[in-house]
Structure formats: C-alpha cells, structure tokens
Amino acid sequence: MSGLLELDPEGFIDQLRAHGGRATLYWDDAQGKMVADAPWLDELAAWMTSDTRDVHHHEAVFLGIGPETGALFGAFVHATVRGQGAGGLRFWPYARLEDVLRDGLRLSLGMSRKSALAGLWWGGGKGIIVRRPDAPWQDPTYRRTLYREYGGFTTSLRGVYITAEDVGSGPADMASVFETTRYVTCVPPAVGGSGNPSAATAKGVVCAMEAALDHLGRGELRGKTIAMQGAGNVAGFMIDELVARGVGRIIATEISADRVAEVRARLSREGHGSTSIEIRQAAPGDRQIFAEPCDVFAPNALGGVLDPETIAMLQTPIVCGAANNQLLDDRRDDRLLAERGIAYVPDFVANRMGIVNCANEQYGQVDGDPAIERHFGRTWDNAVFVVTKRVLERAAREGITTSRAANALADEACRVPHPIWGHRGRTIIDGLVKKR
Ligand code: NAD
C-alpha cells in the first residue's frame, strides 16, 4: 500500500477498516525509528521517521474509527517523560491524511512544551476527530454519540493520553467524553471540572506582559497603552486585569458587532477606572490595529496573524497575547520580529493558564487554589513572570529568537521524568503495541 498520506480521510478510513480498524505507530528506541504495528502502515512510519518539521521522536500515534459514526479518530502522544500525554481534542475537517497527521504531531509537541514550561507534571498529547463531509456535526445527538465514541477510544489507550477541550469541541462534548472515559480533563463544573479558563488565561498573559516590560526596563503597566486584536472571552477578562493595574489606554478591535456592543455596555455599566478604552468595530480583513502605536500589542483573536506584512506595521516594543500559533510561519516570523527589535513573548509561554486551569482537576478543588495562584506570582520558579523573563533573557544572551529560547528551555524541562511515576507512559505504550 502506498500513497496513504495523499488519501482524503474517507479514503484512509476505508483502508483502516479493511485492516481491522486500528493503527498504531510508535518510536522504537532499539531501532531508532518510528515503527508501524502492521506492514501496510510502513509508509507512514518511514515518513514520520524522516520528517523533521513536525515529528520529533513522538512516542506514539494511535488511529481508530468511531464504531457508529465511522469518524476517523487520532491520539498523538509526543512525550510522556513528565507524565501522561495531555492535550485538547480538535474536531475539524481535513483535506488529506497528511494534514491530519501533521496537525496532531505538531500540536502534541506544542503541548509537551507548554506544559513543561508551566511546571506541570504532564507530557504532551493531542486528539483529533476528523469531521466527515456529510456528518450532521452540529446535531447534539450526533455529537453525543461521537464524543462518547472518542471517550471509548481514549479508554482503550489505558491513560497514556488525556484528552480535553480544543478547537471545535465544547464543554458539553467533554461531558460526553467523560461518560466513557476517566482520561479527560476540562470537564464541566457540574461533574467536578474547573469551568471556563479564560479569566486565568487573561491574568497569565498580563503577567507575561509585565515580565516583558521589566525585561526591557520599561517599568510597570501603569499608564501604558495596550492595543489588542479581538475583544472576545479572554480579552474581556484581560481588559479588567489591565484596568486594575492602572494602564492608561486600551484600544481593541473586534469583528463581531454583538460582542462590541456587549463589551462596551459592560464597561460603561461596571466602569473602567482611569483607563481610557476604545472598542472599535473592524472588518475581518482590517489590519489597522497592527499599526497602532502602543507599549504592548496583544493578538487575542485568531492564530497566524503575525506575517511579514503585519510585522512591518507594528509600532510596539512588545508582542504578547492570548491567541495560539500567532506566527504565520514559525520558522520565519519570530526572526522578523527580532530583526525589528520587538520582544515577542511566544504564545505558549503567555497563554498557558488555560491548560493549567484544568490540568489538576482530579486533585480536588481549593478556594484561591495555591497550585493556580503561584503561576501569577514572581517568586515560584515556574511562574509566568519568571519563565517569560527567563525566555527573553536567554534569547538576548544567546542571540537567538525568543521562540527558539522558549523551545530550548521547554525541551530541557521535557527530559525531566515525573517525580513519582517516571516514564510510565512508555511502559503503557509497550503494553498497547502489537510487536511484529
Ligand atoms: P473568543 O472566540 O471568545 O474571542 C476571539 C474574538 O476575536 C472573537 O470575539 C472574534 O469575533 C474576534 N475576532 C476574530 N477575528 C478577528 C479579527 N480579524 N479582528 C478582530 N477581532 C477578531 O476566543 P477566546 O476564548 O477569547 O480566545 C482567544 C484566543 O486565545 C484564541 O486564539 C484561543 O485559541 C486562545 N486561547 C484561549 C484560551 C482560553 O482560556 N480561552 C487559552 C489559551 C489560548
């Protein structure tokens, strides 16, 4: 069998079904390469061994099919040295199998790095459900079946992967997953989960802004000007944090008229101290916010917004925001930012609090949880402020981009085994793999 990577997901589902409905690929230390558990998948194993962009010694990739929905499921485990491979479940349409695999591999590596730099005892993983072209994907009954199936798939992996919410999946979906597996976090408060993480995410990003200002010798946030793209969930809480710190001015653009009205109404009802705030309605392609003179620019909408054109427009010494994957091309755009002398706080350093908020749900709930609060301080070794400064200082010291510095620090932390369980994930994978 060849040409698997080029197949559309439906074509691959046919192949997978014909071969028993399950596929596992894993890193084999003895052979020093990725290995498939069946010969028809050797092409994928060879590709994963040779690709250097998205594949970084991933411990395992599991593929399966929903028994009733027929949807393609993936669980991507980058590393389990620091603990179980944790990361959200993306529900998204894909054109080709290669796109599915690349997304899962890249995102699971990102989760390893994000959790390690946050000081969490988690490894990195990512889940994918491929949205079928003809599926009634918005229908609640269909979704409940689908996510229950994915929960069953997760259970079959014996806890080497812990799933969570991500793009395309919501709290109700996690409640469905939780019906068929215990290996899920970010479940709704009604079943003991931690609820909406946006307030914590916003506060974490603001701590990262403070660290960047401090690194550049520009003082505190008081009196500063902050420009942001997007005035959604996280941005709303971020405005409150910034107002509480006495920033001088906030300018935010937002494409949703309803959201603009909602934020404006709330601010006029609740007040905003001495901070001047302007929430501007923008068209989706409007990039004027990038040219706003400010002390910090915060991308708080979607990813891929920092490209050669927008980077050239920036009039800020710092970029630090909540959006995931802000660089359009992460092998080019961090360099362009550095060349313009802009301190870029890598998104996964600034926006970690989403995963932190739900990572330790199973350890119980405490008011003003110290396991959360320490991330917002300036003394704990893994606090957002401390790690952000460490990243910026390392980049400056070694003459490398901040993304490279953050990745290097994260990769070092990823090699530290879990203090109690060690590299147990590897043993779980060994138990799951059918050796040929
Ligand atoms: P959200 O959907 O509530 O907010 C995004 C807002 O951006 C929306 O109101 C949308 O209308 C607006 N928007 C989209 N395109 C725009 C554009 N071109 N110009 C101006 N506004 C635009 O999402 P959120 O939960 O606030 O998350 C924001 C970002 O942060 C996302 O990229 C998300 O992946 C990331 N993030 C969120 C969390 C969290 O805890 N919610 C954690 C980590 C990362």
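User: What does the backbone of Ala301 do with the ligand?
Analyst: A polar backbone atom of Ala301 sits 2.8 Å from an oxygen atom of the ligand. That's a polar contact, here a pair of N or O atoms within 3.5 Å; within protein, one must be able to donate a hydrogen and the other to accept it, and residues adjacent in sequence count only if both atoms are side-chain atoms. Keep in mind that this is a predicted model: local features need pLDDT of at least 70, side-chain atom pairs count only at pLDDT 80 or more, and totals for chains, interfaces and linings use all residues. Residues are numbered from 1 along each chain as its sequence is written, and side-chain values use heavy atoms, with hydrogens and water left out.

User: And which atom of Glu254 lies 2.5 Å from a ligand oxygen?
Analyst: A polar side-chain atom. Asn324 also has a side-chain N or O atom 3.1 Å from an oxygen atom of the ligand.

User: How much of the ligand's accessible area does the protein cover?
Analyst: 76% of the 820 Å² that the ligand has on its own (Shrake-Rupley method, 1.4 Å probe; for residues, only the protein chains shown count as cover).

User: OK, domains. Where are the bounds?
Analyst: Domain 1 is 3-196 + 427-435, and domain 2 is 198-406; the bounds come from an automatic or database domain assignment. Their C-alpha centres are 29 Å apart. Domain 1 puts 20 residues into the contact and domain 2 puts in 23, with contact meaning heavy atoms within 4.5 Å.

User: What about salt bridges or polar contacts across that interface?
Analyst: The rule finds zero salt bridges between domain 1 and domain 2 (a side-chain nitrogen of Lys or Arg within 4 Å of a carboxyl oxygen of Asp or Glu). It does find 11 residue pairs in polar contact, both at pLDDT 80 or more.
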